[in-house]
Structures are given as structure tokens and as C-alpha cells.
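Subject: Structure handover and notes

Hello,

Here is the structure we talked about. Please open it first, then read the notes below alongside it.

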Amino acid sequence: MKSRNKKIIAAAGMFLLAAAGTGVTLGYLNAGESVVNTFTVGDLKLGLQEPEWEPEKGDGQNIFPGYSVYKNPTIKNITPGNNGEQTCYVRMCISICNGNGEDITDNTALELIKSTLRYDDSYNGTYDQKGEGQKITEGRIPGYSLRELEKLPMINPVFAIDESRSSANRIVCNYMGESDRGLFHIGDEAVLFTDIAIPIHWTGQEMEKAGDFQIIVSAEAIQSAGFSSQEEAFSALDVELAGGKQA
């Protein structure tokens with residue numbers, strides 16, 4: 001790896017998505033309040049937005065069995081085209097924490113929380129526009145059973161979970177795209193998941209076990225130029241991030 005063209009990093013994010021047990025309201029950050037760190041070299045720029053999340057209208061407050069809400073963390077390559085096409089490799093990370101922002105380590109709680117995240121391929125929202133889904137509808141009464149929810153994947157299939165970089169409470173999702181090459185072009189966008197839905201069968205026991213939790217989504221990207229593969233590029237990105245180097 002030649003250092004002259006490898007240290008090209010962009011990181012965008014973090015959105016903190018909050019949910020809680022019945023009758024509990026958590027503090028959380030919305031898109032306007034979130035801490036967004038963007039590191040760029042040249043023109044590379046990655047955006048992360050979720051126009052559906054509206055905490056001022058009650059999203060994430062007073063969660064109950066059967067609760068469903070649109071939640072669409074979406075990345076977009078918003079690099080200006082002044083210097084021509086600049087493709088990149090992108091990954092999104094889901095971190096699951098308790099109400100205090102600490103890592104959740106209880107496997108039962110983690111599995112319950114993961115089961116609330118779903119991707120609906122009929123959802124038609126975008127990076128900067130709200131939308132609707134047909135398979136999961138926000139606020140439907142009486143809500144959705146676990147069997148119904150399990151028909152849908154947790155994340156958008158254009159992403160693949162990176163098992164080697166993931167842990168129990170941190171899910172690393174590599175963007176692969178439709179062609180499986182993972183190249184993210186200027187103007188490309190992708191939503192990671194579209195909904196948070198609490199199964200209707202959850203009792204007070206499940207709600208208590210899940211407890212107050214936070215779902216923190218972040219995104220990272222590195223230019224594809226100079227790398228022979230996505231894995232090589234992400235390995236270089238790992239080194240940069242571990243070293244605390246910011247371009």
C-alpha cells in the first residue's frame with residue numbers, strides 16, 4: 001500500500017435512535033441535534049440523514065408492544081463532481097447501548113432489540129424525503145406480530161454484515177450494492193433499515209428485559225481509488241481509525 005494515495009477517509013454520522021420500555025421516555029438526538037463528524041480529503045463527502053425521525057412529534061417516546069415508526073438512516077455520496085467521478089467504499093455501523101450510552105452485553109436483551117429493526121423494500125422515502133411502506137405502516141393498530149416482522153430482513157440486502165468486524169452489540173454493515181462490488185458513486189444513496197417495530201406479543205417481561213436502549217448509527221467511507229478490493233480499502237480504513245488520524 002502506497003501512503004500517497006491510501007489515506008483518503010470520510011466518516012459521517014452519528015444518529016442516536018432511542019427506544020424504551022412502556023411509559024418511559026428517553027433523551028435522544030435527532031438529525032438536527034446529532035453530533036456529525038465529517039473527515040474529508042479532496043472532495044470526498046458522505047452524507048447521513050434520516051428525515052423520518054421526528055422526536056419533537058413523539059418518535060421514540062412511550063414505546064409499547066405493537067409500536068411501529070418509520071426510521072430511515074440513509075447515506076448518500078454528496079461529493080461535488082468538480083474533479084470527476086470519485087467512487088468510494090462505504091459501511092454503516094449499528095451500535096446498541098443502554099439508556100446511559102453504555103454497551104449492552106446481555107445477549108437476550110440484544111436479540112430482543114435487534115428484532116425491532118426491519119427493512120421494508122416497499123418503503124419509498126429517500127435521503128432527504130419522507131416516504132411510506134406497505135409491509136410495515138407507521139402506527140398501525142394493533143401492530144405487527146413477530147412472525148410478520150420476521151418475514152422482513154433486519155437490514156437492506158444491498159448491505160452485508162461484516163462478521164469479522166462485528167461484535168454482539170455492534171453490527172458493521174458493508175455496502176455491496178446491486179452488483180456486489182460495493183462501489184458507491186457520486187449521487188448514490190442507500191437506506192440501512194426503514195422501521196422500528198415492537199412485536200405485539202411482547203409482555204412486560206420482554207419490555208423490561210430490553211429496557212431503555214439506544215441504537216446509534218454511524219457511517220464511514222474511503223475512496224476506492226488505489227485499492228484492489230473493498231476488503232483492502234476497509235483494512236486501510238481500520239488502520240487509520242485505530243491510529244486516530246483525521247485527514
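A residue is called buried if its relative accessible area is under 20%, exposed if over 50%, and partly exposed in between (1.4 Å probe, protein chains only). Helices (H or I, at least four residues) and strands (E, at least two) are DSSP runs, numbered from the N terminus. The model is predicted: local features need pLDDT of at least 70 and side-chain atom pairs count only at pLDDT 80 or more, while totals for chains, interfaces and linings use all residues. Residues are numbered from 1 along each chain as its sequence is written, and side-chain values use heavy atoms, with hydrogens and water left out.

Strand β11

In β11, Phe213, Ile215, Val217, Ala219, Ala221 and Gln223 point one way, Gln214, Ile216, Ser218, Glu220 and Ile222 point the other way, and all are buried. With 11 of its 11 residues buried, β11 is therefore largely enclosed by the rest of the structure. Strands β5 and β11 run antiparallel and are joined by 11 bridges; two strands pair if DSSP finds at least two bridges between them. Cys93 has Ser218 in β11 as its bridge partner.

The two open sheets

The pairing of β6 with β10 covers 2 bridges, and Leu117 has Ile196 in β10 as its bridge partner.

The nonpolar cores

A nonpolar core is a set of buried Ala, Val, Leu, Ile, Met, Phe, Trp, Tyr and Cys residues joined through side-chain atoms within 4.5 Å. The largest one has 40 residues, of which Ile75, Ile94, Phe159 and Leu192 touch the most other members. Elements that give two or more residues to this core include β5 (88-98), α2 (107-114) and β11 (213-223). Apart from it lies another core of 8 residues, among them Leu183, Ala233, Phe234 and Leu237.

Where is Leu192? Leu192 is in the loop between β9 and β10 (195-197), and it counts as buried because its relative accessibility is 0%. Its C-alpha atom is separated by 7.0 Å from that of Asn72, 120 residues apart along the chain. Not counting residues up to four places away in sequence, Leu192 touches residues including Pro73, Ile94, Phe159 and Val217 (contact means heavy atoms within 4.5 Å).

Helix α5

In α5, Gln230, Ala233, Phe234, Ala236, Leu237 and Glu240 are buried. They cover an arc of only 155° around the axis, so they are on the same side of α5; the arc is that of the directions from the helix axis to the C-beta atoms. On the other side of α5, Val239 and Ala242 are exposed.

Regards
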